[in-house]
Amino acid sequence: GEYSSLGDVAGKRVLVRSDLNVPLDGDQITDDGRIRASVPTIRELSRAGARVVVTAHLGRPKGAPDAAYSLRPVAARLGELLGTEVAFATDTVGDSARAVVDALQDGEVAVLENVRFNAGETSKDDAERGELADALASLADAFVSDGFGVVHRKQASVYDVAQRLPHAMGALVATEIEVLQRLTRDPQRPYVVVLGGSKVSDKLAVIDNLLDKADTLLVGGGMVFTFLAAQGHEVGQSLLEQDQVATCRDYLERSEASGVEIVLPTDVVVAPEFKADAPATTVPVDQIPADQIGLDIGPDSAAAFARHIAGATTVFWNGPMGVFEFDAFAAGTRAVAQALTEVDGLSVVGGGDSAAAVRRLGFDEQAFGHISTGGGASLEYLEGKDLPGITVLED
Ligand code: 3PG
């Protein structure tokens, strides 16, 4: 399989970079999708007799230890999922890490504390990253890159360490790349892209790159109000990126010229406040009251989006249609997710928020073609950018 280039891993210390960056509420993991997605590679290496040393980050601590970002609860959950004891080092490359790695027996698994507790991890300075990468490399005989969600980051545990050890791509990264390739290289048509989420400025490069590839682009979520403003609508108190209105107008014009259809909602659910129990009403997009906030696409729009998705052979969806965390504003996201489960073809859910949304709304993950563990990483891939954590493996 993936690790044949490493030779026989039995008895070897294999450093695995996983993406275990999961949402936490205190020390409670609210969505363990990324941990579950990391299990197959770790289990396979363990069964092959490797001494598996997992390195990962959690959140964005400031380059120093911070108890709020400890990987300890994540290591415990990983142990439950693997069904074995998982050792935990209270530092990343210090005395604890060395002792824990030295004590590992063949087939055993250890997790090192949050790699971002070290300033070298995210440093722009090659030498600073190199120092941490040297220390990580000294703990292992080989490196497996399996943290798809971080392959767009040129960071010590993702990029620099691969230059210092025999390395291989993990099964999760391999699968993610394979699926994303099917979205960009000769996708089966009709090809529908659904974009949501709060900011259009996060999605500009994706829209640029997909506008010539997809047949239809459905737009919802907070970002839609900048498009509606570009069409001349009043959006009340809704999210609006004033400095992107001209860009959205340009997209709408380009879509007319290129034959790619951009579909915007015709109705939205509005409320006077951003609150779970705020009184919700549905209005046409040209009648958004000045004192209200748009918090979801409306039922007519949800039905129209679902019809477009039902007619597609390839669908990529990134970004919720509304504030799905509040029941009153979850219907648009639910309708899109439901429609994806019924696609006769390839349906891909990309990105942290939409992946969390489908699980939170109770959908069976198996009903989708693929749920990506990458947010930024899958978007950057679809933007056509080089991912440092992938190119470093190919060099
Ligand atoms: C993610 O959550 O998208 C990845 O884990 C990367 O995290 P980052 O955006 O903090 O680098």
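Reader: Is arginine 34 buried or exposed in this model?
Author: The model is a predicted one. Arginine 34 belongs to helix H1, which covers residues 33-47. A residue counts as buried if 20 or more other C-beta atoms lie within 10 Å of its own. Because arginine 34 has 25 other C-beta atoms within 10 Å, the residue is buried.

Reader: Which residues beyond four places in sequence is arginine 34 in contact with?
Author: UniProt, in an unreviewed entry, places the feature "binding site" at positions that include Arg34. With neighbours within four places in sequence left aside, the contacts of arginine 34 are Asp19, Leu20, Asn21, Val22, Gly149 and Thr373.

Reader: Is leucine 20 buried or exposed?
Author: Leucine 20 is situated in the loop between strand S1 (13-17) and strand S2 (24-25). Apart from neighbours within four places in sequence, its contacts are Arg34, Ile35, Ser38, Ala56, Leu58, Leu71 and Val74. Since leucine 20 has 25 C-beta neighbours inside 10 Å, the residue counts as buried.

Reader: Is arginine 116 buried or exposed?
Author: Arginine 116 is located in the loop between strand S6 (109-112) and helix H4 (126-137). Not counting residues up to four places away in sequence, arginine 116 touches His57, Arg60, Pro61, Gly63, Glu121 and Thr122. Because 27 C-beta neighbours fall inside 10 Å, arginine 116 counts as buried.

Reader: What distance separates the C-alpha atoms of glycine 120 and glycine 311?
Author: Glycine 120 sits in the loop between S6 and H4 and is buried, with 25 other C-beta atoms within 10 Å. Among the residues it touches, those up to four places away in sequence not counted, are Glu128, Arg129 and Ala156. Glycine 311 is 191 residues from glycine 120 along the chain, and their C-alpha atoms are separated by 48 Å.

Reader: Which strands stand at the edges of the open sheet of six strands?
Author: The strand order of this sheet is S5-S6-S4-S1-S7-S8, and the pairing is parallel. A strand with a single partner has one side left without a neighbour in the sheet, so the edges are formed by strand S5 (86-89) and strand S8 (167-169).

Reader: Which residue in S8 is the bridge partner of phenylalanine 143?
Author: Strand S7 (residues 142-145) runs parallel to S8, and three bridges join the two. For phenylalanine 143, the bridge partner in S8 is histidine 167.

Reader: Which strands stand at the edges of the open sheet formed by three strands?
Author: The order in this sheet is S13-S12-S14, with antiparallel pairing. Each edge strand has a single partner, so one side of each lacks a neighbour in the sheet; these strands are S13 (281-284) and S14 (293-297).

Reader: Which residue in S14 is the bridge partner of valine 268?
Author: Strand S12 (residues 267-271) and S14 run antiparallel and are joined by four bridges. Within S14, valine 268 has as its bridge partner isoleucine 297.

Reader: Are H9 and H10 roughly parallel or roughly antiparallel to each other?
Author: Helix H9 (residues 299-310) lies across S12, S13 and S14. Its axis and that of helix H10 (residues 331-341) come within 9 Å and cross at roughly 15°, and the crossing is right-handed. Angles under 35 degrees count as roughly parallel. The two helices H9 and H10 are therefore roughly parallel.

Reader: Is aspartate 186 buried or exposed?
Author: Aspartate 186 lies in the loop between H5 and S9. Its phi is near 55°, a positive value in a residue other than glycine. Because aspartate 186 has 10 other C-beta atoms within 10 Å, the residue is exposed.

Reader: Is the peptide bond from arginine 189 to proline 190 cis or trans?
Author: Proline 190 is placed in the loop between helix H5 (171-184) and strand S9 (191-195). Omega of the bond from arginine 189 to proline 190 is near 0°, and the bond is cis.

Key
Residues are numbered from 1 along each chain as its sequence is written. This is a predicted model: local features need pLDDT of at least 70, side-chain atom pairs count only at pLDDT 80 or more; totals for chains, interfaces and linings use all residues. A residue is buried if 20 or more other C-beta atoms lie within 10 Å of its own, exposed if 12 or fewer, and partly exposed in between; C-beta atoms are placed from the backbone. Two residues are in contact if their C-beta atoms, placed from the backbone, lie within 7 Å. Two strands pair if DSSP finds at least two bridges between them. Axes are lines fitted to C-alpha atoms, for helices over the stretch in contact, and angles run from 0 to 180 degrees between N-to-C directions. Angles under 35 degrees count as roughly parallel, over 145 as roughly antiparallel, 65 to 115 as roughly perpendicular and the rest as oblique. A crossing is left-handed if the near helix is turned anticlockwise from the far one by less than a right angle, and right-handed if clockwise. UniProt positions are given in the numbering used here, feature names are shortened, and annotations may be inferred rather than shown by experiment.
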